[in-house]
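Thanks for making the time this morning.

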Amino acid sequence: MTATATQDLLLSRIRDVPDYPKPGVMFKDITPLLADPVAFTALTDALAELSVRCDATKIVGLEARGFILAAPVAVRAGLGFIPVRKAGKLPGATLKQAYELEYGTAEIEIHAEDLVDGDRVIVIDDVLATGGTAEASLELIRRAGAQVAGVAVLMELGFLGGRARLEPALRGAPLEALITV
């Protein structure tokens, strides 16, 4: 399947839900894509190809929809999967990173031992919006001693400026969006 055909297939399976979760927001629902085995396989294959091209050794998935996408990509690419969770969800020793939200702050964390010096990590998520969570995950990866191989997302909401926010934190690593809206 060509990149354009894959993009068209994925886009055709993303449903617009107006006024969710609040009036004026057009929510991009990926559950129809996940329910379609052909589309989900095409998405998994495309992200696995990006992971291999970035020479990644591990895949980080961001809570929660990033888990759904990143875990099968890790299996397909033959790489380890590391979940980045909201603070307080992982047992044992963790590394935490605070980041700014529109209204306040939040924290994410990983298990301290899951990434090691020499790992090349690609971050996978469903959507790049404002870039705050992705930016914090890059800091966590580097604090664990690993290198950032790239960031890959199903969909970039270009009008929210996440790419511009994330560029300095990428330090030259690629940011790939399969779809930009």
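Predicted model: local features only at pLDDT ≥ 70, side-chain atom pairs only at ≥ 80, totals over all residues.

Taking a salt bridge as a side-chain nitrogen of Lys or Arg within 4 Å of a carboxyl oxygen of Asp or Glu, the count comes to eleven. Residues are numbered from 1 along each chain as its sequence is written, and side-chain values use heavy atoms, with hydrogens and water left out.

One of these pairs joins Lys-28 to Asp-16, with the closest N and O atoms 2.7 Å apart. Lys-28 sits in strand β2 (residues 26-29) and Asp-16 in strand β1 (residues 15-18), twelve residues apart, where helices (H or I, at least four residues) and strands (E, at least two) are DSSP runs numbered from the N terminus. For accessibility, buried means under 20% relative accessible area, exposed over 50%, and partly exposed in between, with a 1.4 Å probe and protein chains only. On that scale Lys-28 is partly exposed at 24%, and Asp-16 is partly exposed at 40%.

A second pair is Asp-119 with Lys-58, at 3.0 Å from N to O. Asp-119 belongs to the loop between β6 (104-111) and β7 (120-128), and Lys-58 to strand β3 (residues 58-62), 61 residues apart. Here Asp-119 is buried at 8%, and Lys-58 is buried at 18%.

Asp-126 is buried, with a relative accessible area of 4%, whereas Arg-65 is partly exposed at 37%.

Now to the helices. The axes of α1 (residues 3-12) and α3 (residues 37-53) come within 10 Å and cross at roughly 130°, the axes being lines fitted to C-alpha atoms over the stretch in contact, with angles from 0 to 180 degrees between N-to-C directions. That makes α1 oblique to α3, since angles under 35 degrees count as roughly parallel, over 145 as roughly antiparallel, 65 to 115 as roughly perpendicular and the rest as oblique.

With contact meaning heavy atoms within 4.5 Å, Thr-6, Leu-9 and Leu-10 in α1 meet Val-38, Ala-39, Ala-42, Leu-43 and Ala-46 in α3.
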